[in-house]
Amino acid sequence: MAGTSAHEPSQEAAPTLDAVVVGTGFAGLYMLHRLRTAGLSVRAFEAGDGVGGTWHWNRYPGARCDSESYYYCYSFSSELEQEWEWTCRYPEQPEILRYLNHVADRFDLRPDIQLDTTVTSAHYDEAAGRWLVRTDDGAAVSCTYFITAVGCLSAAQVPDIPGLDGFAGRWHHTGRWPQDGVDLAGKRVGVVGTGSTGIQAIPVIAESAAHLTVFQRTPNFSVPARNAPMSPQRQREIKENYPEIRRRTRETFGGFPYGVSDRSALEVSEQERQEEFEAGWRDGGHRLLFSGFRDLILDKDANDLAADFVRSKIREIVRDPATAEKLLPFDHPIGAKRPPIDTDYYETYNRDNVSLVDVRSSPIEEITPRGIRTADGEYELDVIVFATGFDAMTGALDKIDIRGRDGLRLRDKWAAGPATYLGVATSSFPNMFLITGPGSPSVLSNMPVSIEQHVEWIADCIGYLRSHDLGAIEATTQAEQEWGEHVNRVAGYTLFPLADSWYLGANIPGKPRVFTPYAGGAGKYRKRCDEVAAQGYPGFTLTGA
Ligand code: FAD
Ligand code: N01
């Protein structure tokens with residue numbers, strides 16, 4: 001475990017490296033590749049027993065991405081881009097995991113990856129100008145650059161419900177799903193949670209379970225994914241057009257290759273609006289919310305129209321009016337929580353073996369040996385599936401004892417909410433870089449695009465330090481404060497803060513309520529980061545070797 005025990009290696013005794021990367025998902029793999037290509041000695045530590053991050057851990061039934069395959073992938077290698085064949089629009093978890101394993105092999109990353117190893121602490125030694133990074137196997141390494149690629153959605157959150165230990169059946173969190181699967185055939189299954197994960201898992205679990213009981217606290221808006229196989233012709237078109245596709249993903253708000261219309265939903269006729277919504281519903285995916293009109297996430301009146309449209313679809317699909325009514329979301333604007341996309345989610349409630357329990361009106365009181373007891377009674381279950389999400393944005397960082405200058409602990413510094421400059425660095429923590437940290441567009445974007453942008457910016461910054469014979473870079477408190485104000489101000493122009501979402505930490509009891517991602521758009525954010533680099537890193541203090 002972390003600590004300062006005399007038995008643990010000291011800074012002097014620890015093997016030295018240029019950089020340590022924590023995590024081997026999309027972010028860690030590419031960071032390792034970039035730094036190694038630049039000639040640095042690097043080791044990546046990974047808590048799991050395989051690479052892939054999100055796609056290593058989230059093996060629940062129905063797990064797949066909701067960004068389309070051809071842009072939910074790396075762009076840094078045109079050879080990789082051309083050789084990899086995606087089978088469909090939204091691939092399932094095993095396919096994405098295969099892709100990330102292919103990347104690890106193709107770029108020969110494995111020799112510098114240490115699996116099954118959790119980084120427990122990272123302490124900055126000011127005198128040495130180095131980080132001492134300790135791991136749960138009792139070892140330590142000393143490095144100049146400490147880079148976290150720990151994931152915004154990697155700290156699985158199991159709710160603290162009394163009685164869970166005494167449950168006689170099995171229970172699993174979707175983000176820690178067993179690698180050998182879970183046999184749900186013929187079982188009485190309970191799913192707690194109706195976020196993106198629950199909405200993906202529920203239709204698939206319903207197909208094999210004897211009975212599925214869904215415990216819903218907050219109804220959610222979902223739009224059909226319309227998944228489909230990738231035809232050879234479509235594959236060819238994409239590969240021929242990759243330079244243009246990638247150019248657009250780097251410039252747009254969300255890192256998607258399609259733009260957003262400049263029309264307001266309020267300025268078109270009722271007929272035009274309905275046609276646009278219907279087209280979005282028919283095409284599937286995020287078009288309905290993020291492409292057809294410019295103001296659905298900015299203007300409550302415009303948003304209400306889209307919300308009404310989706311509620312009308314729910315009423316159309318779900319046959320039992322009482323169930324349909326329970327499924328209608330009214331408590332938050334559509335899109336203000338990360339919008340799920342689904343395959344037959346609402347249709348699943350028409351099955352005889354599925355029932356919906358509203359745990360907002362009758363809360364879960366305890367888990368008994370036989371199942372879940374709500375205020376209304378006991379539901380007997382063989383398996384409980386917690387699709388209850390993550391301690392997002394800061395959860396994985398908080399689990400590491402990170403200490404900067406003067407022994408300042410990151411989790412103490414961030415006790416009232418995270419503070420960063422550009423989401424990539426935080427003052428008092430020299431030479432520490434956060435990939436898709438709080439205050440960057442991260443989870444509001446198609447993440448591989450944001451991840452690549454951060455990795456490249458960090459690699460270039462380290463290259464700059466080395467070529468200018470500089471020892472350290474550190475965000476100034478002023479730049480950090482101004483960036484924090486900007487992030488807050490921009491969030492205030494949107495409807496995001498109106499939902500009790502994990503974007504605000506609202507799903508974690510006691511977590512400060514702060515809107516963490518940057519809502520100003522990934523394209524604009526990239527320009528800002530590029531300007532900072534081009535101007536010699538204003539907002540950072542650079543110190544000599
Ligand atoms: P992760 O993939 O989370 O990897 C972080 C790794 O760090 C993990 O393997 C973890 O074990 C490791 N780690 C953490 N702490 C430590 C430690 N102390 N020591 C050692 N190792 C540690 N985004 C999209 O843009 N589009 C999508 O369609 C999409 N679908 C998603 C579906 C699901 C089910 C989930 C949960 C998320 C999805 N996301 C999606 C978000 C997704 O997390 C990112 O797209 C991306 O995979 C994140 O990559 P990452 O490398 O930053 O983090
Ligand atoms: O988690 P969530 P998720 N009792 O936090 C409920 C990405 N992702 O794993 O809303 C009862 O969104 C909670 O209820 P409420 C994506 O970014 C992407 O689904 O807090 N219920 C909610 O319904 C996503 O946003 C894909 O009232 C409890 C649910 O659990 C992020 O990961 C797929 C409860 C949690 O929803 C997280 O999604 C999957 C309790 N005690 C995930 N505690 C794609 O397709 C929590 N809940 C891309």
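How many residues of the shell around ligand 1 are nonpolar, polar and charged?

## The shell around ligand 1

The shell divides into 17 nonpolar, twelve polar and two charged residues. Here Ala, Val, Leu, Ile, Met, Phe, Trp, Tyr, Cys and Pro count as nonpolar, Asp, Glu, Lys and Arg as charged, and the others, Gly among them, as polar. There are 31 residues around ligand 1. A residue is near the ligand if one of its heavy atoms lies within 4 Å of it. Glu-46, Thr-54, Asp-66, Tyr-72 and Met-447 come nearest.

Three helices each supply at least two residues of this shell: H1 (26-37), H2 (54-57) and H15 (447-467). H2 gives the largest share, three residues. Helices (H or I, at least four residues) and strands (E, at least two) are DSSP runs, numbered from the N terminus.

## How the model is read

This is a predicted model; local features need pLDDT of at least 70, side-chain atom pairs count only at pLDDT 80 or more, and totals for chains, interfaces and linings use all residues. Residues are numbered from 1 along each chain as its sequence is written, chains are lettered from A and ligands numbered from 1 in the order in which they are written, and side-chain values use heavy atoms, with hydrogens and water left out.

## Polar contacts and cover

Backbone atoms of the protein meet oxygen atoms of ligand 1 in polar contacts (pairs of N or O atoms within 3.5 Å). For Thr-54, a backbone N or O atom lies 2.7 Å from a ligand oxygen. For Ala-27, the distance from a polar backbone atom is 2.9 Å. For Phe-26, it is 3.1 Å. On its own, ligand 1 has 980 Å² of accessible area, and the protein covers 93% of it. Such areas come from the Shrake-Rupley method with a 1.4 Å probe.

## A three-stranded sheet

Strands E13, E14 and E15 form an open sheet in that order, with antiparallel pairing. Two strands pair if DSSP finds at least two bridges between them. E13 (364-367) and E15 (377-380) are the edge strands, each pairing on one side only. Three bridges join E13 to E14 (371-374). In one of the bridges, Glu-366 is partnered by Arg-373 of E14.

## Two residues with positive phi

Arg-226 is not a glycine, yet its phi is positive, about 55°. Arg-226 lies in the loop between strand E10 (223-224) and helix H6 (232-240). At 37% relative accessibility, Arg-226 is partly exposed.

Ser-428 also has a positive phi, near 80°. Its place is the loop between helix H14 (410-413) and strand E18 (432-434). Ser-428 counts as buried, at 17% relative accessibility. Buried means under 20% relative accessible area, exposed over 50%, partly exposed in between (1.4 Å probe, protein chains only).

Methods
A polar contact is a pair of N or O atoms within 3.5 Å; within protein, one must be able to donate a hydrogen and the other to accept it, and residues adjacent in sequence count only if both atoms are side-chain atoms.
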